[in-house]
Amino acid sequence: MNLITYDCEVFAFDWIVVFKDKNSGQYTVVHNDNDVLRDFIKPDDIYCGFNSKHYDQYIVKAICAGFDPPAVKAVSDYALSGQGWQCPDLDGVYFRFNSVDIRDDMQQGLSLKAIEGHLGMTIRESTVPFDIDRPLTPGEVDEVVRYCVHDVDAAEAVVDIRSGYLRTKVNLGRRAGIGPAEALRLTNAKLTAKMLHAVRREHRDGREYAYPENLDIGSIPEEIRNFFDRIHDMSIPDDELFSTCLDIELGGMMCRYAWGGVHGSLEHYHEEASDIRVIQNRDVSSLYPSLIELYGYLSRNVPDPELFYAIRRDRLEAKRSGNKELAKDLKLPLNTVSGAQENKYNDLYDPRPTRSLRISGQLFLTVLTVRLLRECRTIQLLNLNTDGLMYSVDRSELPTVDRISSEWERETKFELEVDDIARVWIRDVNNLLFVKTDGGVKTVGGALNYGTSEKGAWAINNNAVIIKRAVTDFFVSGTPVEKTIMGCENILDFQIIAKAGTKYRESYRLIDGRRITTQKVNRVYAAKDPALGTLYKVKSENGQISKIESLPEHCIIDNENTLTPDDIDREWYISEACRSVNGFVGYELLIPYGGQINMSEITEKTAFVEDIKTNAEKSKGTMAGTNVCQKLLEARVRFLSESVSKSGRNSHVGYEYFELEDIVPLATSIFNDIGLVALPSFTKDEATLTVKNTAD
C-alpha cells in the first residue's frame, strides 16, 4: 500500500492533475491525457487529497471515464456548486479508486490556504483565472502546475501532521474487520458506526426523557427542572425547543443551561491558593462514555451493546498496562459515539438516548454543585462546565468537599479527577488560565491557545502567537508583555492569517487610499508605514464591503516569507497584548491603541494583581486580611441575598431596572461592614467607580 497526495485543477479546455508519491517524493503531472491518468491509478495505492471527497475524486472519475476537457469542466462546475455524487453526467459511470480526504474530521471552514499560512508555508494562489474561456498557453500551464504542486505539498504536510490520526483509523479498521483504504475513507463517526455494527433504524420517541432513578431531583433547583421538563411539551416544535437556554445564578455565578451542555463562570477573576484557601478543579472522567454504559444511553441501532462496553474495558486495560497507542486508538470511538448518535446522516442516529445523556449529565453535575454550595460556607464557585467545576474553599472545609464528592461518586458511579490549583485567572466562561500546584500550566480559550488541536474536530491556529504567549507569561511569571514581544525574533510568531471566506468574491487593501487587489488568504503583519491600509473583503452576493476582522489599521502582506521582525510594528502587538490582559482583569490598564506603553503605569495600575497575592484569611465569618476581589465577591453575595427590588421601569421595552437609590444605601452599608470604600468620578461621557480596600 502506497500513499499518494494529489490535486486537480480544471479549466474550460484544460485539466491538470498532480500526484506526489509519499515514499519517493516523486511528482507526476498529467495534462489533458485521459489514458495516462487512468493507467497511473493503481488499485492498491491510496490517493489522499484536501476536500477530495467533494471535488477531486469526481474529476478523476470523469477523466478516467474518457470525458473531454469541456465535459470535465461541466463536472467541476457541478461539484463546486452542489453535491458531486448527484452529478447527472456521472450517472452510470463506475470507476472506483482509493480516494481519502485529509479534510475529514477537521474544523469546518478551515481552508488549505489558511493551513498553509498557519504552518508558515508560502501562501500561493493561482494567477491564471479559472474562468478563462480559451486553451491555456504553455506558460499558463506551467504556472498552474507550480500552483498545483504547492497545494499537493501542503496536503502532504497535513498528512504528516495527522499521521497519528490516520494510523489510528487503520488500527480501528482492523478491529472492525475492514481494510486500511476503507477505514481511511470513513469519517470518525462512520468508522465508529462500523465498529459497532450499527444498523440504521427510525425512532420517533426522541422527546421521551426520564430522570435516572438515582438522580437526586430534590437537589436540583426548580427552575432548572422546569426548563428540561419542557421536553415533554409537544406543543413546542423541536427547532424552537432545542434552540432555547436557561440563564440562572448558582452560588453568585451566572450559568447557562442548554440542551447540549452547561457553562458558567465568574468574569475578570483572579485568586491564589494559600495556607487558608484551596482552589480545585474536579472533572468527571470520560463523562459521556460513562453515561452511555452506566445509564444505557447507547444508540439502539447497535445490535449488541457489548461491542461498546468491550472497547471501553479494553481502553482501561490498555491504560493500566501502559499500552499508550492502543489507549489512544480506542479513545477515538468512545469520544465519537455521542456526537454520531445525534447526526441524522449516521447509522448510529438515535435522538432519545443522545438527548438523555446530555440532560442527565448536566443534572448529575448540578446535584454535586448544589450540595457543595449548600454545605460549604466558604466555597466560591469559579467555573462550571458540562463535565466539571472549579471552586475555591477554605482548607478547613476541604474534608467536607471530599466527603460530598465521594458520596456523589458512589451514587452516580462516576469518577472525579482532581486538579489542585495554585493560581487562576478567568476572563470569561470561554477563556481562563490556571497554574497547578505541580507547576503545570493550563490555558483554555482562543485568547490564549494556539497551535494544533486534536480535541474534537482537528484545528490549527497560529494567529498572533506572540500576543498569546506574552499574556500567558505576564500572568504566569509576571513578565512584562513588552519584554516578551521585544525579545522575540521569530517573524512567524507575529503573523495574522487574513481570510476572506467562500461567501466573498475578492479581497483588497488600501495603499495611500488606492484599492489594490490581493489574494483571498494572506499572511499579514502590523506595519509601521501609515500609508499601508488594512484589508477588505467583497461579498459575492451583493458586493457588500467589510473589513477583514481583527487586523491592524496598517498592514503589510508577506505571503512569501521575506520579512524580519525589524520590518513590523512591534508596538501594535504590545498594545494588543495589553488589551488582552485588560480583558482578563476587567480594568482599563493602558492608554488606547497607538500610544506609547509605560510599564511603570502598568505596574501601578495592576497593583491589584499583586494585592491578590496576600493570603486570604476568610475564616470564622471575618473579612480581616481579605483582598479587594474577595471582599467584592462577599459584597455581591450579600447584596443578592437582600433580594433588592427594582424601582425603575422602561415602559417602552417593558423591563425593570435598578435605580441608584435602590443600590447605593445598601451597597454603602455592606461596603462599610466588610471594609471597602467606593470612590465615584465623572466625566462628560463616563462614570467610573473605583473600589478600594480600607485595609490597604
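Which residue forms a salt bridge with Glu182, and how far apart are the closest N and O atoms? That was my starting point today.

**Ground rules.** I'm working on a predicted model, where local features need pLDDT of at least 70, side-chain atom pairs count only at pLDDT 80 or more, and totals for chains, interfaces and linings use all residues. Residues are numbered from 1 along each chain as its sequence is written, and side-chain values use heavy atoms, with hydrogens and water left out.

**Entry 1, salt bridges.** The partner of Glu182 is Lys194, with 3.7 Å between the closest N and O atoms. Glu182 sits in helix 7 (residues 180–185) and Lys194 in helix 8 (residues 188–195), so this pair ties together parts that are 12 residues apart in sequence. My salt bridge rule is a side-chain nitrogen of Lys or Arg within 4 Å of a carboxyl oxygen of Asp or Glu. By that rule I get 44 salt bridges. The background is plain enough: side chains of opposite charge can pair when their charged atoms come close.

I also checked accessibility, calling a residue buried under 20% relative accessible area, exposed over 50%, and partly exposed in between (1.4 Å probe, protein chains only). Glu182 comes out partly exposed at 26%, and Lys194 is partly exposed at 40%.

I looked up two further pairs. Arg256 bridges to Asp247 with the closest N and O atoms 2.7 Å apart; Arg256 is partly exposed at 43% and Asp247 is partly exposed at 40%. Lys547 pairs with Glu553 at 3.2 Å, where Lys547 has 40% relative accessible area and Glu553 has 39%. I then noted a network of salt bridges that links Asp205, Glu208, Arg300, Asp350 and Arg352.

On the surface I found a patch of positive charge made by Lys319, Lys331, Lys442 and Lys455. Patch members have over 30% relative accessible area and no salt bridge, with like charges joined within 9 Å and nonpolar side chains (Val, Leu, Ile, Met, Phe, Trp, Tyr) within 5 Å. Lys and Arg count as positive, Asp and Glu as negative, while His and the chain ends are not counted. I took the place of a charge as NZ of Lys, CZ of Arg, CG of Asp or CD of Glu. Areas come from the Shrake-Rupley method with a 1.4 Å probe, and for residues only the protein chains shown count as cover. Lys455 is in the loop between strand 16 (451–453) and strand 17 (459–461), and is exposed at 76%.

How many disulfides does the whole structure have? I found 0, taking a disulfide as a pair of cysteine sulfur atoms within 2.5 Å. Cys255 is buried at 2%, and Cys488 is buried at 8%.

Tyr391 belongs to strand 12 (residues 388–394) and is buried at 0%.

Asn51 is not a glycine, yet has a positive phi of about 70 degrees. I placed Asn51 in the loop between strand 4 (46–49) and helix 2 (56–64), partly exposed at 21%. Ser550, also not a glycine, has a positive phi of about 65 degrees. Ser550 lies in the loop between strand 23 (545–547) and strand 24 (555–557) and is exposed at 64%.

How values were computed: Helices (H or I, at least four residues) and strands (E, at least two) are DSSP runs, numbered from the N terminus.
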